[in-house]
Amino acid sequence: MTETLVGLFMILGIVALGFMAIQVSGLSWYAHKANYYKVTADFDNIGGLKVRAPVMIAGVSVGEVANIVLNASDYRARVTLLVDQDKAKLPTDTSASIYTQGLLGSNYINLSPGYADTFLANGGLIETTNSAVILEKLIGQFLYSFQSKPSQEK
Amino acid sequence: MPMPISSASSDTFVKVTNLCFKREERVIFDNVSLRIARNKITAIMGPSGTGKTTLLRLISGQLKPNSGDIIVYPLEAKESGIPIHRLNRRKLYQLRKKISMLFQSGALFTNLNVYENVVFPLREHARLPEDMLRDIALMKLEAVGLRGAHHLMASQLSGGMARRVAMARALALDPELMLYDEPFTGQDPIIMGVLVQLIKRLNYALGLTSVIVSHDVAETASIADYIYLISNGKIIGEGTPEALFAEQSPAVNQFIHGLPDGVVPFHYPAKDYAEELFS
Amino acid sequence: MLSAVQQFGQFGLTFSRKVGISGIFLFNVLFRRPKLQRSFPLLIEQLYFIGVFSLIIIMLSALFIGMVVSLQGHNTLQRFGADQELGELLALSVTRELAPVITALLFAGRAGTSLTAEIGLMRATDQLDSMEMMAVDPLWRIISPRFWAGLISAPILTLIFDMVAIYGGYLVGVKWLGVDSGSFWSNMQASVGFYDDVINGVIKSLVFGFVVTWIAVYQGYYTAPNAMGIGRATTKTVVYSSLAILALDFMLTSVMLKNW
């Protein structure tokens, strides 16, 4: 009798584990790591981009940021992206930009595919990149344009 | 149960030499030496709190002495002749199968019934089929007169019955040395009579060596072959019961005859009576 | 003044000695040769008393906590128009913190105190000593099965807490407060990492289970052999366990969060 109950107890634990894996964390999401291919992109400024931030095309998630390092030779940020092969193949003239999710959200990578006929392979490099919008620069530009306006009217 | 060979081997079962034991600054035993004779009933008596139970625990290896030796000489054990506190755990456990201790409260396992309690040491150590173990357990219970109670839960037993079951359990592995920790304390006259008879009968029928720690003078003296009287960490008297009853030394005399005032004073040290009352 | 320093030093020495004793005790409990086919039924029996008996209180608490987190969370998120994030809020708070910590605290209160009391009673009635005298090592026969049972039960109970709490939150959020079921689950799935959140929570619960069971078993084994001693020992189990859980939680959380 006690063995039966102990067995049920442990089965309940395993069921809970299964529930957590599938229903709560969507584990299957990360099960196809094998189908990812790596692409790199260099940015002047990545803003608040973090590792594991999503990579999106047209608002649909196709992968995640794997790694961010400083490229010592040209002082730009080298970001490594993992893109799901089954979801998207990237033409060689794809551009990468850093956008913000919603108004207060975190940064993510947005990819805009171009019209080239050849596709990026594993280890390829995205040539065109747009850095993140930095709030201080934006304010600076705004103030600058604001200052120059009254002088033009004179 | 093999009968022990008598005079060929040494007739001492336990030899305690120059034992010193302290517990947190308080000296319990100060250079105590005594000898437990084989196949005899030896009593260790003394006022409450002198550490008689501690002595049993030292003999059984549960406590380690600060200095001195306690050597146990069981007949069939390879560990014979080595001080018990120097044995490693495995050898100590081998030796312990030859020594059984009966605790003051019986110390039965409260979640088991009488039968399960008695068969416990057998199950752990004897590699015998279950029905043979059952026979042995029932025989032990018969020896203490409680075979009919084997289905009762340990928590349902009265004090006297619990001690008898504990005795049956202690005898389960046919030990050579039985240590009794205050077996008579707090029992009614009938149960005391039963226990006294049991201890004596089992000792001689099974060829055991028994050590009784007690302060019940009359009961213990009626079955003991030799008595040690311990007070304040020293032996203040020893001898056969007759010798001790006739002894003249005041300390022994006070204990044996239960005199309220003597070496152990009646009054706790205090100021002068008249002075304290009228000041 | 000097006596205060002396007392403090004395306290430090006594404390170190106790920690040393408990460490050696733990080592012996873990590594004294347990004869496997004899300890297995003992382990099963203890898993029943420790794990199965704790199940009701864990599940009920999980249900209520899940429901209240959902209720409070919805109340606040709604003001920012962010109530679809409820699933994420619920799941992350439950898996990362609430499940391991609250399960461990309840476990200390329920299973820990009963372990301490049971072992303490065996100590007070000489049952442990008489077992020693029968050449049976109480450490592997009594203590070790209870220790392993506690260690195994803690993560299982935590996972069950996870599941029931999230279900409770689902009941309140979706069924009662009207959050959209699809966004509830999909936002949750998108933000909860299995290894980073669920498994880290389980790792925490293993650490907590280890420490709580160790404290409970140690307090019982070394209690003063009388009624007052057992009472004090059970109190100490609850107090020390709770403090240890909360302190370790902070340390583990800071280690785990750094990996991001």
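This is a friendly dialogue about reading a predicted model, one feature at a time.

User: What should I know before I start reading this model?

Analyst: The model is predicted, so local features need pLDDT of at least 70 and side-chain atom pairs count only at pLDDT 80 or more, while totals for chains, interfaces and linings use all residues. Residues are numbered from 1 along each chain as its sequence is written, and chains are lettered from A and ligands numbered from 1 in the order in which they are written.

User: Which helices and strands does chain A have, and in what order do they run?

Analyst: Helices (H or I, at least four residues) and strands (E, at least two) are DSSP runs, numbered from the N terminus. Chain A has two helices and eight strands, and from the N terminus on they run α-β-β-β-β-β-β-β-β-α.

User: How much of chain A is buried?

Analyst: A residue is buried if 20 or more other C-beta atoms lie within 10 Å of its own, exposed if 12 or fewer, and partly exposed in between, with C-beta atoms placed from the backbone. Of the 154 residues in chain A, 21% are buried.

User: Is A:Leu125 buried or exposed, and why?

Analyst: A:Leu125 counts as exposed because it has 12 C-beta neighbours inside 10 Å. You will find A:Leu125 in strand E7 (residues 124-126) of chain A. Its C-alpha atom and that of A:Ser61, 64 residues apart along the chain, are separated by 20 Å.

User: What do the faces of a strand look like, say in E3 of chain B?

Analyst: In a regular strand the side chains alternate between the two faces of the sheet. Strand E3 (residues 41-45) of chain B is mostly covered, with five of its five residues buried. On one side sit B:Ile41, B:Ala43 and B:Met45, and on the other B:Thr42 and B:Ile44; both faces are covered.

User: Which strands pair with E3(B)?

Analyst: Two strands pair if DSSP finds at least two bridges between them. E3(B) pairs in the parallel sense with strand E7 (residues 209-214) of chain B over five bridges, and there B:Ala43 stands opposite B:Ile212. With strand E8 (residues 226-231) of chain B, E3(B) also pairs in the parallel sense, over four bridges; in E8(B), B:Tyr226 is the bridge partner of B:Thr42.

User: Where are the buried residues on helix H1 of chain B?

Analyst: An α-helix has 3.6 residues a turn, so residues three or four places apart point the same way. In H1 (residues 52-59) of chain B, the buried residues are B:Lys52, B:Leu55, B:Leu56, B:Leu58 and B:Ile59. They lie on the same side of H1(B), because they cover an arc of only 160 degrees around the axis; the arc is that of the directions from the helix axis to the C-beta atoms. After H1(B) comes B:Gly61, whose phi is positive, near 85 degrees.

User: Which chains touch?

Analyst: Two residues are in contact if their C-beta atoms, placed from the backbone, lie within 7 Å. Of the two pairs of chains that touch, chains A and C have the most contacts. Chain A and chain B do not touch, and their nearest C-alpha atoms are 16 Å apart.

User: What does the side of chain A that touches chain C consist of?

Analyst: Here 18 residues of chain A are in contact with 23 residues of chain C. The side of chain A that touches chain C has 12 nonpolar, five polar and one charged residues. Ala, Val, Leu, Ile, Met, Phe, Trp, Tyr, Cys and Pro count as nonpolar, Asp, Glu, Lys and Arg as charged, and the others, Gly among them, as polar.
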